[in-house]
Amino acid sequence: IHPTTASVHTLRVTGNVVITGGSDNVLNILETNLSVKKAIQLDSIPRSCDMVGSNIVVGLRDGSILEL
């Protein structure tokens with residue numbers, strides 16, 4: 001999911017979705033079988049994430065908060 005040189009900084013499991021964010025500045029949205037549904041390139045490392053309905057909120061290391 002993330003390259004072996006990247007570490008995972010956030011992980012959220014909600015319903016049928018798994019969200020991971022790593023030091024490669026990518027937020028991955030995965031199916032329950034761990035296949036990548038969507039990969040989103042971010043400007044900074046994602047440090048926290050949550051999903052409510054179809055909205056995803058991500059807190060980044062640089063202090064930014066994004067709604068996807």
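Val8 has Gly22, a residue of β2, as its bridge partner. Strands here are DSSP runs of E with at least two residues, numbered from the N terminus, and two strands pair if DSSP finds at least two bridges between them. The model is predicted, so that local features need pLDDT of at least 70 and side-chain atom pairs count only at pLDDT 80 or more, while totals for chains, interfaces and linings use all residues. Residues are numbered from 1 along each chain as its sequence is written, and side-chain values use heavy atoms, with hydrogens and water left out.

The bridge of Val8 belongs to the pairing of β1 with β2 (residues 17–22), which is antiparallel and extends over six bridges. These strands lie in an open sheet of four strands, ordered β1-β2-β3-β4 and paired in the antiparallel sense. Its edges are β1 (8–14) and β4 (36–41), each of which pairs on one side only.

A further antiparallel pair consists of β5 (residues 46–52) and β6 (residues 55–60), joined by six bridges. Here Val52 is placed opposite Asn55 of β6. Two residues separate the strands of this hairpin, and Gly53 adopts a positive phi near 65°.

The segment before β1 contains Ile1. Because its relative accessibility is 57%, Ile1 counts as exposed, a class that requires over 50%, against under 20% for buried and partly exposed in between (1.4 Å probe, protein chains only). Together with Leu34 and Val36, Ile1 forms a nonpolar surface patch with about 290 Å² of accessible area. Such patches join nonpolar side chains (Val, Leu, Ile, Met, Phe, Trp, Tyr) within 5 Å, from residues with over 30% relative accessible area and no salt bridge, the latter being a side-chain nitrogen of Lys or Arg within 4 Å of a carboxyl oxygen of Asp or Glu. Accessible areas come from the Shrake-Rupley method with a 1.4 Å probe, and for residues only the protein chains shown count as cover.

Definitions and conventions. Patches are made of residues with over 30% relative accessible area and no salt bridge: like charges are joined within 9 Å, nonpolar side chains (Val, Leu, Ile, Met, Phe, Trp, Tyr) within 5 Å.
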